Amino acid sequence: MTEDVVMQEEASTKVEQVPIHEAAKYDIIPVAAAPHISGIYAIAVTKNFRWLFTGGEDGFVRKFDMTATLNGESMLTMNQKQGLTETVQRAGMLVSAWENEEPRQLDVVDSQRSDGGEGPKTSPVYSVDVHSEGVWCIGGTEQGNINLWTVRHKEGKTIHTFKAHKNIVSALKICPGERQFVSGSWDKTLKFWDLDSGQQIREIAATSHVTNLVYHPEEQYLMATNFDGVVQILDPRNHAPIVQQLTPQMSGAPPWALSACWRTDGRGIFVGRRNECVDEFDISHGFIQARKMAKDSGAVSLVEALPNGKHLLCGSNDIVRLWDLTETMQEKKETKQLNQTPLFLDPFASDLFQGFGEQPSFQQTPERKEKKKLFEDENEILKVPFTVIPGHNGGTLSGCIRYNNFMITSSGTRGWAGTASNACLIYEISSLNE
């Protein structure tokens, strides 16, 4: 074989890479895992994907070096690879960890620490967010407190605790400009905080436990997802901040939602539902459609729109799917047309013609119609508008962060009912032209 022929064959098999927002489709492969011994309730990353912070059910905030992780400076052991796909070889490079402590209360006896020693109570890290340059980060506790830790120097040192919520702080989001942040709680409130003074500056009523906070792509609006399925669109600049309130009754969905995301164009949202559906809403026109996931896939605990505006990540109780928004679930039937089939080839004829003379006439009977229906059902081909993303193989997903051609997902119940795989996976995204 000549060198020119070899080069032509290699060129023909090479997949063309395009900018991620122009991709016709994506190939998403897990390449690394950050081992945890318990469920992961929250994740956050700094600018440029440099540092990853995870909040654990065990009460620890963990900091991982993403550059070292993706460069493969640490590899998973054989035991850590159990249950993971073959492509996952690299291990998350753990840099440091610290406890999420509740502040001392003088009228309450100190409870046991997670390490068995005496001291302040350690709370699961129900929510976490981090400064873009990794200077500080915040984490929510079980008793409604928010800890502010220094990260760049004296990692894990609590420099302030914000106290106002009366229940679990389930969502945190640093505001644009990083001079304020907003918190959502199981006490059915949203609170805005000033980082310079440490004081609460505003409170907004939610409809239920707050499960998720996401800023609009242009950072103009804030979307708050509530456990009862209601999604609130807020404009914090207004005196009456609630601009829109989208309820599950609009689509007939049950009252439940853990995750919602903005559509890529910023004009609509997707909401994961308990009834194996993802609802799509337009901000101006309300409910558009409900996209039905695969049967018995379970509740949709995570949704994340991809940059091309054509694909949506849907994390169900069984697996993660990459949904093609240009397709719909359709059934394509490939069956024999009986009126065009000779009688002696017709599998539903009551009497097969064995001779070579004139074929006997045939009457449609109820029995034959039933056999025809069964034959069509057996030859039914289901057109599936999604691909399966390898990695997670069961349980509730607690978070998803994408940066350029990389993505992180985590699994944890976040205090609600369900199961978790305790996995934190890092993916590489290939942007394909075809």
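Me: Which residues have the most contacts inside the largest nonpolar core, and what makes it a core?
Reply: The largest nonpolar core has 22 residues, and those with the most contacts inside it are Tyr-26, Ile-28, Leu-313, Leu-322, Ile-389 and Met-407. A nonpolar core is a set of buried Ala, Val, Leu, Ile, Met, Phe, Trp, Tyr and Cys residues joined through side-chain atoms within 4.5 Å. At least two residues of this core come from each of strands S1 (25-33), S25 (320-324), S29 (397-403) and S31 (424-432); strands are DSSP runs (E, at least two residues), numbered from the N terminus. A second, separate core of 15 residues includes Ala-32, Ala-34, Ile-43 and Met-66.

The model is predicted, with local features needing pLDDT of at least 70 and side-chain atom pairs pLDDT 80 or more, while totals for chains, interfaces and linings use all residues. Residues are numbered from 1 along each chain as its sequence is written, and side-chain values use heavy atoms, leaving out hydrogens and water.

Me: Why is Asn-100 called buried?
Reply: Buried means under 20% relative accessible area, exposed over 50%, partly exposed in between (1.4 Å probe, protein chains only). Asn-100 has 0% relative accessibility and therefore counts as buried. Its place is in the loop between strand S6 (93-99) and strand S7 (127-130).

Me: What does the side chain of Asn-100 reach at 3.1 Å, and what makes this a polar contact?
Reply: The side chain of Asn-100 reaches the backbone oxygen of Gly-140 at 3.1 Å. A polar contact is a pair of N or O atoms within 3.5 Å; within protein, one must be able to donate a hydrogen and the other to accept it, and residues adjacent in sequence count only if both atoms are side-chain atoms.

Me: Why does Ile-174 count as buried?
Reply: Ile-174 is at 9% relative accessibility, so the residue counts as buried. Ile-174 lies in strand S11 (residues 169-174).

Me: Which residues line the largest cavity, and how do they divide?
Reply: The lining consists of Leu-302, Leu-313, Cys-314, Gly-315, Val-320, Leu-397, Cys-400 and Thr-409. They divide into 6 nonpolar, 2 polar and no charged, where Ala, Val, Leu, Ile, Met, Phe, Trp, Tyr, Cys and Pro count as nonpolar, Asp, Glu, Lys and Arg as charged, and the others, Gly among them, as polar. S24 gives the most to this lining, with 3 residues.

Key
Helices (H or I, at least four residues) and strands (E, at least two) are DSSP runs, numbered from the N terminus. On a 1 Å grid over the protein atoms alone, a cavity is a set of points where a 1.4 Å probe fits but cannot get out, and a pocket is an open set with protein on both sides within 12 Å along at least five of seven lines; lining residues have an atom within 4 Å of a point.
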